[in-house]
Amino acid sequence: MTLSIAATSWVTPLGNSIDDVWQCLVAGEIAPLERLANPQNGAQYLVHRVPPDATKHLPPHPRLRRASAISRFAAAAGLAALADTKTAPALDRIALVFAISNGGVIYTRRFYSDIVTSGAQSASPLLFPETVFNAPASHLAAILGIGGASYTLVGDGAVGIFALKLAEDLMALDEIDACLIVAAEEIDPLVCEAYRQWRFLRNPSRPEARHGMVMSEGAGAVLVNRANGTIEIQKIIPGQNFFRRSELAARLDCVVSRLKEGKAFCIGSANGTFIDRAERAAVSEMSLYSPKSALGDGIGASVLWQLIAAEQTLKTGRAPRPLQPKQDSQALVLACGLNQQTGGLSLRRSAAIKPSQGVRAQYCFSGSTDASDHKHDC
């Protein structure tokens with residue numbers, strides 16, 4: 001099934017305006033680097049943080065009073081995507097699919113730290129709801145008033161591909177008119193330490209080096225429907241797991257061969273690890289760009305950031321170097337996670353509707369709300 005992109009939104013270390021962040025990326029700007037210290041062992045990590053004003057316009061809502069950063073990022077992205085759509089699907093006919101990797105680490109660390117320090121009797125019932133993986137999706141559905149299907153998918157950096165594939169399956173149901181896919185991540189010393197021990201992080205003493213990933217935070221949201229929009233998702237390929245790093249290039253090459261139709265450019269997932277070389281080998285004849293070089297690796301949120309970058313390239317005809325967008329281009333989005341998952345999708349322009357057509361939908365969110373290829377291997 002071809003999915004039409006009705007609206008997009010993101011919360012990134014460079015801001016949350018689609019146009020402004022895209023101009024920064026095209027100009028070659030990189031999000032500010034910060035050092036995050038671990039109070040337990042004194043380690044330091046290079047990270048990209050979301051600026052404080054990115055979520056300051058969130059509406060007052062009981063769900064957000066004690067919500068962790070990941071839920072606030074998700075709410076900001078989801079609200080902005082629905083507010084920006086040019087068609088107005090009924091909220092009771094929108095499905096919500098949430099992609100996540102590390103989850104609400106900040107409150108999880110606090111919750112278990114209290115238990116380790118003072119015993120099980122000190123466990124906070126206020127913190128516990130924020131430790132579960134589906135907390136951000138629950139908050140977002142309540143804020144938006146979505147009473148239909150709501151799913152949370154947990155995976156690595158490629159989890160966004162599987163969330164989009166689930167959205168494609170849900171759109172085959174007559175009960176669903178649109179699907180909102182949201183992905184989010186937050187930064188905490190605990191998860192940074194895990195990636196450091198796995199030897200994936202950039203050395204903080206060499207911030208200018210290209211080797212090693214810089215962890216990031218934020219969110220992305222994509223609203224899809226069946227209408228003929230400006231940009232369409234042609235095909236989604238979940239790909240295959242790989243068990244050795246030497247297998248990765250072949251797995252990605254297989255995904256590319258199933259997606260590519262004529263001239264194309266690629267928005268990849270290179271992050272300063274072994275992924276970079278394998279991805280470059282798989283798309284050797286195409287121009288390739290990874291938003292992670294400027295925004296950092298948002299793990300669960302990364303695929304939606306990549307999709308938005310591909311969409312903006314197709315819509316505006318402008319792109320960061322070394323991309324070479326063509327008027328008749330097809331865009332490929334490749335994803336590879338550090339837990340050995342791969343996948344990809346393809347985008348194309350649709351000539352059916354001009355970008356200026358349609359009426360912007362108006363949503364009002366109350367502060368009182370409480371609440372078609374299914375093969376998985378190449």
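**Close-up views of a predicted model**

View 1. H48 counts as buried because its relative accessibility is 3%, and the cut-off for buried is under 20%. The structure shown is a predicted model. H48 belongs to strand β3, which covers residues 44-48. A polar atom of the H48 side chain lies 3.3 Å from the backbone oxygen of A31. Across the strand pairing, H48 stands opposite S216 in β7.

**View 2. The open sheet around β3.** Three strands make up this open sheet, in the order β2-β3-β7, with mixed pairing. β2 (34-37) and β7 (215-216) are the edge strands, each pairing on one side only. Two bridges join β3 and β7, which pair in the parallel sense.

**View 3. Helix α6 against the sheet.** Helix α6, residues 189-197, packs on the sheet. The helix touches β2, β3 and β7. The direction of α6 makes about 110° with that of β3.

View 4. Helix α5 runs over residues 159-170. How far apart are its end C-alpha atoms? They are 17 Å apart.

Note on methods: Residues are numbered from 1 along each chain as its sequence is written. This is a predicted model: local features need pLDDT of at least 70, side-chain atom pairs count only at pLDDT 80 or more; totals for chains, interfaces and linings use all residues. Side-chain values use heavy atoms; hydrogens and water are left out. Helices (H or I, at least four residues) and strands (E, at least two) are DSSP runs, numbered from the N terminus. Buried means under 20% relative accessible area, exposed over 50%, partly exposed in between (1.4 Å probe, protein chains only). A polar contact is a pair of N or O atoms within 3.5 Å; within protein, one must be able to donate a hydrogen and the other to accept it, and residues adjacent in sequence count only if both atoms are side-chain atoms. Two strands pair if DSSP finds at least two bridges between them. Contact means heavy atoms within 4.5 Å. Axes are lines fitted to C-alpha atoms, for helices over the stretch in contact, and angles run from 0 to 180 degrees between N-to-C directions. The expected span of a helix is 1.5 Å times one less than its number of residues.
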